[in-house]
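Subject: Structure handover

Hello,

Here is the structure we talked about. Please open it alongside this note; what I found follows below.

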Amino acid sequence: MGPADFLRTAGQDQDHVRTLVDLDGQLPPIIVHRQSMRVIDGMHRLAAAKLRGQRKIDVVFFDGSDFDAFILAVRANVDHGFPLSRADRVAAAVRIVRERPHLSDAAIGEIAGVSGKTVAAARRRSSSENAGLNARTGRD
């Protein structure tokens, strides 16, 4: 799996990259998973920096599991920057359901930027053996 391409099925948006290239000043730091050196957040910024001819970009390192890095990537791309498509947000919710079936639909929806009803529907379609857990952990 390549750098943060694990979130976007359509890959990078080149129009957004060109917009970032044209911005004045330094780009915000990217977030990199220290263990894998995979970009968690900032693939568009990284591409823009390369097009600008930059050889360096500011980095903030994240220490945590691969799944925690995935959650951070989803949250970051729901909260700011170039937003994830609805399909990508639903795909993220499905992965979270598979990995953390004990989380409530509302909690997963908050992470992935979709409604709890969307998560519930994804959970019903999931083939995960744990999808039918009766006890779940909520946002509180």
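I start with a surface feature. Met37, Val59 and Phe61 make up a nonpolar patch on the surface, and together they have about 260 Å² of accessible area. For patches, residues need over 30% relative accessible area and no salt bridge; like charges are joined within 9 Å, and nonpolar side chains (Val, Leu, Ile, Met, Phe, Trp, Tyr) within 5 Å. Accessible areas come from the Shrake-Rupley method with a 1.4 Å probe, and for residues only the protein chains shown count as cover. Valine 59 sits in strand E3. Valine 59 is partly exposed, at 33% relative accessible area. The classes are: buried under 20% relative accessible area, exposed over 50%, partly exposed in between (1.4 Å probe, protein chains only).

Before you go further, note the conventions. This is a predicted model, with local features needing pLDDT of at least 70 and side-chain atom pairs counted only at pLDDT 80 or more, while totals for chains, interfaces and linings use all residues. Residues are numbered from 1 along each chain as its sequence is written, and side-chain values use heavy atoms, with hydrogens and water left out.

Overall picture

The protein has six helices and three strands. From the N terminus, the order is α-β-β-α-β-α-α-α-α. Helices (H or I, at least four residues) and strands (E, at least two) are DSSP runs, numbered from the N terminus. The protein has 140 residues, and 43% of them count as buried. Take the contacts with a separation of 6 or more: 69% of them join residues 24 or more positions apart. Contact here means heavy atoms within 4.5 Å.

Salt bridges

There are five salt bridges. The rule asks for a side-chain nitrogen of Lys or Arg within 4 Å of a carboxyl oxygen of Asp or Glu. Three of them are described here.

- Aspartate 15 pairs with arginine 18, with the closest N and O atoms 2.5 Å apart. The two are three residues apart in helix H1 (residues 14-22), so about one helical turn separates them. Aspartate 15 is exposed at 52% relative accessible area, while arginine 18 is partly exposed at 44%.
- Aspartate 66 meets arginine 38 at 3.8 Å, N to O. This pair links distant parts of the chain: aspartate 66 is in helix H3 (residues 66-79) and arginine 38 in strand E2 (residues 38-41), 28 residues apart. Aspartate 66 is partly exposed at 44% relative accessibility, whereas arginine 38 is buried at 16%.
- Aspartate 41 pairs with arginine 45, with the closest N and O atoms 2.9 Å apart. Aspartate 41 is buried, with 5% relative accessible area. Arginine 45 is buried too, at 12%.

Leaving out residues up to four places away in sequence, aspartate 66 touches His33 and Arg38. Its C-alpha atom is 9.9 Å from that of isoleucine 40, which is 26 residues away along the chain.

Helix H3

H3 has 14 residues, which should span 20 Å at 1.5 Å a residue; the end C-alpha atoms are 20 Å apart, so the two agree. The expected span is 1.5 Å times one less than the number of residues. Its buried residues are Phe67, Ala69, Phe70, Ile71, Ala73, Val74, Ala76 and Asn77. They pack against strand E1 (30-33), E2, strand E3 (59-62), helix H4 (86-99) and helix H5 (105-112). Just after H3, glycine 81 takes a positive phi of about 70°.

Two more sites

Histidine 44 is in helix H2 (residues 43-51). Histidine 44 is buried, at 7% relative accessible area. Beyond residues up to four places away in sequence, histidine 44 touches Arg8, Gln12, Asp13, His16, Val17, Leu20 and Phe82.

Serine 104 lies in the loop between H4 and H5. Serine 104 counts as buried, at 14% relative accessibility. A polar atom of its side chain lies 3.0 Å from the backbone nitrogen of alanine 107.

Best wishes

Conventions
Polar contact = N/O pair within 3.5 Å; in protein donor to acceptor, adjacent residues only side chain to side chain.
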